[in-house]
Amino acid sequence: MIALETVDVAYTAQGRSVPVVHGVSLALARGEVLGLVGESGSGKTTIGRTALRLLKPVSGRVMLDGQDITGLPRRALRPLRRRLQMIFQDPYSSLDPRLTVARIVGEACAIHNIGTRRDRAERVAHMLQSVGLAADAMHRFPHEFSGGQRQRISIARALIAEPHYLVADEPVSALDVSVQAQVINLLRRQQREMSLGLLFISHDLAVVRHVCDRVLVLYLGRVMESAPVSRLFSAPRHPYTAALLAAAPRPDPDRRGGATVLEGEIPRPDAPPSGCAFRTRCPYALEDCSKTVPPLVEVAPGHSKACIRDDVP
Amino acid sequence: MTETPLLRVEGLRTIFRTPEGEARAVDGISFDLHRGETLALVGESGSGKSVTSLSIMRLFPEPPGRIAGGRILFRSRNGIVSDLARAGERQMRALRGAEIGMIFHEPMTSLNPLLTIGEQVAEGLRRHADLGRREAAARAVALLARVGIAASERRAHDYPHQFSGGMRQRAMIAIALACSPSLLIADEPTTALDVTIQGQILALIRSLQAEIGMGVLFVTHDLGVVAEIADRVAVMYAGRIVETGSVRALFARPRHPYTRALLASLPRIEPDETREAELQPIPGQVPSPLALPPGCAFAARCPLARPICEETLPALTATGEGGLVACVRADELAS
């Protein structure tokens, strides 16, 4: 299991430390898909990178299979990295254009000393096949592939060392919908077959609903709501979740204009509102919302929300 | 509608010369757009939707691109219809910004980083509406307020980097609409924005359209956005229009196998027990614009294709619901 325990993360900008993640806890077990949703600036990507210990939190702990890896130096982390992988949004910039696909995919084996040279070639061929690429792809270069095929190459690269956990940061956002469906099906199949713990970061709620088991809704670096996927979508308890769901466009003209549009924008992390981070845009905000940060409270088994009002949305 | 349309595109073909040969990016498309109407041009990468909008504005690089055929008939405010496919740069400059407004998906690259937001809104007013410096500046502040920029008097002095993505797109809209154009071309204007901001921008475009009465050509890959904004829809595939229809008819009764496949490939927010657990991708890939097949460009990926589909190009024919569909099996599929 990967666990974040009340993690705070900050970036340094112009000599000033700006906190961007506040007291976030999450647990990701093998075989489970946990979604992180929220607008730009909600801290999704930062949390994903912290879970892989690519970033070090300023407080709180990062646990990997029971081991505290919060303060581990780079060298001590290296052998653990085999269990952790990541894929990114942009399949164009995340693959080295000078390397063949065989080198790109085989690199993880070389880094972790998996198998002999000949084994590796076989593993690569097998991996490419299981992500749906032809065997002759091995000797070609990234630019010879379409966006969807490149994302398959990224997935092959991430999975060849048989990681236990995968962080996928907007992995299908740059793809056309018909191709997006192929890549989502592939990711889900591989996730099940390999019993991967998948942290799935996305702004697309329809994709999240389709892929995830549980979801954390983030706003300005804090967890607003956490629930099993079907509960979150059928009975959201936080006004921000409800607003996000209402704003997501549906391919259904009969629903047009039905949603109330959430006003304003997400505040800057260096000037957050007092109290509840969402209160400046919340249609249900009360005076008390500005006084204290609402704690994340369980409202049903496995379902928590950080909102002082029980009567909304 | 019997009035002359605001925009009539007839048999438009736009070709790009490449080292590998001629790429037929837009391969003979026709459509009308009326005042007050929103037509969504929807398609995936390589469908030719953006080249279509760039062709109308004559903003694609010529060469290597060129309009190889067809007409783009635009009716100006004075009632004169001119063919933009043959217009010179001077005529286009007079139209762009004055009668044709444009917004693109990445406002940061369309705004000048060295000029204040207020100066950029005022620029078009000074050029096309013949306003003086002070008048234009005041009008710019009012426009920024109209598109939802709070404290617009102060924010007019900001530079683009001081604006968020959503505010930049609002500023772009203020620039595009400064001279109350009769045609707005919006190319993926909300693609880079979060959904809550996207909702705000779509609502803004709708209310401004009602106010100004402009025709909107809305280019997008997002069927959710199409359902939200369009009156009519044209679905593009491999440089051609394969289906058109009113937004309701198209979503309720898609006729072309490509439109159906596209809708079926979408994950949905609302649960639907009738759908399979796996998403239904469209197998294969879009054909290269360098080597379009002689027949239907979708035939190689189409589950319903017949041998004839590979040989002859299907013509757009009426659906009986006011739409058009280019599929030889459209009649069978309707039932």
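Which elements of chain B make a right-handed β-α-β unit? They are β7(B), helix α8 (residues 195-212) and β8(B). This is a predicted model, where local features need pLDDT of at least 70 and side-chain atom pairs count only at pLDDT 80 or more, while totals for chains, interfaces and linings use all residues. Residues are numbered from 1 along each chain as its sequence is written, with chains lettered from A and ligands numbered from 1 in the order in which they are written.

**View 1. Strand β7(B) is mostly covered.** Helices (H or I, at least four residues) and strands (E, at least two) are DSSP runs, numbered from the N terminus. Five of the five residues in β7(B), 183-187, are buried (20 or more other C-beta atoms within 10 Å of a residue's own, with C-beta atoms placed from the backbone). One side holds Leu183(B), Ile185(B) and Asp187(B), the other Leu184(B) and Ala186(B).

**View 2. β7(B) pairs with β6(B) and with β8(B).** Strands pair if DSSP finds at least two bridges between them. β6(B), residues 100-103, runs parallel to β7(B) over four bridges, and Ile103(B) sits opposite Ala186(B). On β8(B), residues 215-220, five bridges link up, also in parallel; there Gly215(B) partners Leu183(B).

**View 3. Chain B is divided into domain 1 (7-230) and domain 2 (240-268 + 281-334).** These bounds come from an automatic or database domain assignment. The C-alpha centres of the two domains of chain B lie 28 Å apart.

Notes: Buried ≥ 20, exposed ≤ 12 C-beta atoms within 10 Å, placed from the backbone. Right-handed = clockwise from strand over helix to strand, strands pointing away.
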